[in-house]
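The report below was prepared for a reader who has the sequence and the coordinates at hand. Please read it alongside both.

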Amino acid sequence: MLLYAVILVQLYLAFDEVRSMWVDDYNDGTGNSMHTLSTNAIGAISTLLTAVFRVRLRHIQHSLSRLERSLQAKGDGGECVGVVTSGHWSIEYRTRVWLALAVILFGYLKYRLLMEDDGKDVSTSVIVAMLNTVSIAGNYYVTLVFVDHVFFAKRVLYKLNVQIMDTLSSISKSFLPGFSVSTARLAYLDICDVCTTLTGAFQTQLFINIVGNVFGVTFMMLSAFNTLMSNGASTIQITLYFLYESLIRMLQMYFVIDACHTTVEQANSINITFQKKISEYNHVNFTKKKVQLFILEMLDHKIEFVIYGFICLDFEMFVAIMGTIATYFLILVQLGSSPEDLVNALNTTTTITPNASTQH
């Protein structure tokens, strides 16, 4: 029910922005209105799709939990002990703390922006700031849900890799009791299917958030630049708000790509582990053949996070996004130069050129 309440707030803000664009006669805030409208619309769509896919996400959690329990390392006393003692809880703790701090600071800066920019009374500014904070919190929540599930898959892959390393380190035995190449193969393929299902459930949310963040970061940086270049008296709070929102949007994309990249690296380490240990099984031809077939199968079934079949969530894409934002920002800054500045620059050039020609 909480997610649907967030969706209602996001839809209300989007429709209220559309109404204000139609009712207001001036067009000075068209860019800001489009930014606010797109942010709330993207947040509503992302939160709604996440709420729709909650059943699928629950199946993903059950599958990963089942695999995690089956990959518990055996201790000396025979009991199961976790390979990563506090990974799941530490990840959840960090993401929730980051979300709380980001939302609180966003709400404060939004309130200060409304008080300085619009000159509204305190109660109206508080209500508007709270609604916008709830809207942006829903957007961040969708990102953190995806990151949590990806880190869950990464932790299961880590436990699988540790189990394989412990098993293959025993030369006297081909495999420990209850664990074999077939067990590792089935666990890896299950994790691969889970990652594919997870990407399919979040691909629309990730795509529209990436597009919205490219537009949002560019607009916020341009707004911060224009505010600093203006002759206004008190613009510190407004500039901090613009810079903070652009930073949060960039961190939002970075967290998603970092989680996907490190999970793919963890999956690739399983292949490397088998390749390092395969030389120790020259005397066991059957086991060596099964390991070789598993390595080839992992090459055909790579764990990847690709949305819509052409956008790979890795650091190469993150660098390309940052380059695109920088290019758009520089172009918009140049296009936003006032005609007076261009005329002054042209006059300066024309006055210097005759003087240089007379000297020759």
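This is a predicted model: local features need pLDDT of at least 70, side-chain atom pairs count only at pLDDT 80 or more; totals for chains, interfaces and linings use all residues.

Residues are numbered from 1 along each chain as its sequence is written, and side-chain values use heavy atoms, with hydrogens and water left out.

**Nonpolar cores**

A nonpolar core is a set of buried Ala, Val, Leu, Ile, Met, Phe, Trp, Tyr and Cys residues joined through side-chain atoms within 4.5 Å; buried stands for under 20% relative accessible area, exposed for over 50%, and partly exposed for what lies in between, with a 1.4 Å probe and protein chains only. The largest nonpolar core has 54 residues, of which Phe-146, Leu-160, Tyr-188, Phe-202, Ile-303 and Leu-313 touch the most other members. Two or more residues of this core come from each of helix 3 (54-70), helix 5 (122-168), helix 6, helix 7, helix 8 (285-300) and helix 9, and helix 6 gives the most, with 16 residues. Helices here are DSSP runs (H or I, at least four residues), numbered from the N terminus. Not counting residues up to four places away in sequence, Ile-303 is in contact with Leu-157, Tyr-188, Ile-191, Cys-192, Cys-195, Val-264 and Ala-267, where contact means heavy atoms within 4.5 Å. A second, separate core of 19 residues includes Trp-98, Val-103, Leu-144 and Ala-224.

| Helix | Residues | Span | Expected span |
|---|---|---|---|
| Helix 3 | 17 residues | 24 Å | 24 Å |
| Helix 9 | 21 residues | 30 Å | 30 Å |

In helix 9, Met-317, Phe-318, Ile-321, Ile-325 and Phe-329 are buried. They cover an arc of only 115° around the axis, which puts them on the same side of helix 9; the arc is that of the directions from the helix axis to the C-beta atoms. The face of helix 9 turned away from its buried side carries the exposed residues Glu-316, Val-319, Leu-330 and Gln-334.

In helix 3, the buried residues Leu-57, Ile-60, Leu-64, Leu-67 and Glu-68 cover an arc of only 100° around the axis, and therefore lie on the same side of helix 3. His-59, His-62, Arg-69 and Ser-70 are exposed on the face of helix 3 turned away from its buried side.

**Aromatic pairs**

The structure holds eight aromatic pairs, rings of Phe, Tyr and Trp (its six-membered ring) being paired if their centres lie within 6.5 Å, and counted as stacked with planes under 30 degrees apart, edge-to-face over 60 and tilted for the rest. Phe-215 and Phe-219 form a stacked pair, 6.2 Å centre to centre with 25° between the planes, and both lie in helix 6 (residues 181-229), four residues apart, about one turn of the helix. Phe-215 is partly exposed at 37% relative accessibility, whereas Phe-219 is buried at 16%.

Tyr-254 and Phe-318 form an edge-to-face pair, 5.8 Å centre to centre with 65° between the planes. Tyr-254 lies in helix 7 and Phe-318 in helix 9 (residues 315-335), so the pair ties together parts that are 64 residues apart in sequence. Tyr-254 is partly exposed, with a relative accessible area of 32%, while Phe-318 is buried at 14%. Ring pairs link Tyr-254, Phe-255, Phe-315 and Phe-318 into a cluster.

**Ser-246**

Ser-246 lies in helix 7 (residues 236-277) and counts as buried at 3% relative accessibility. Leaving aside neighbours within four places in sequence, Ser-246 is in contact with Val-217, Met-220 and Met-221.

Key:
The expected span of a helix is 1.5 Å times one less than its number of residues.
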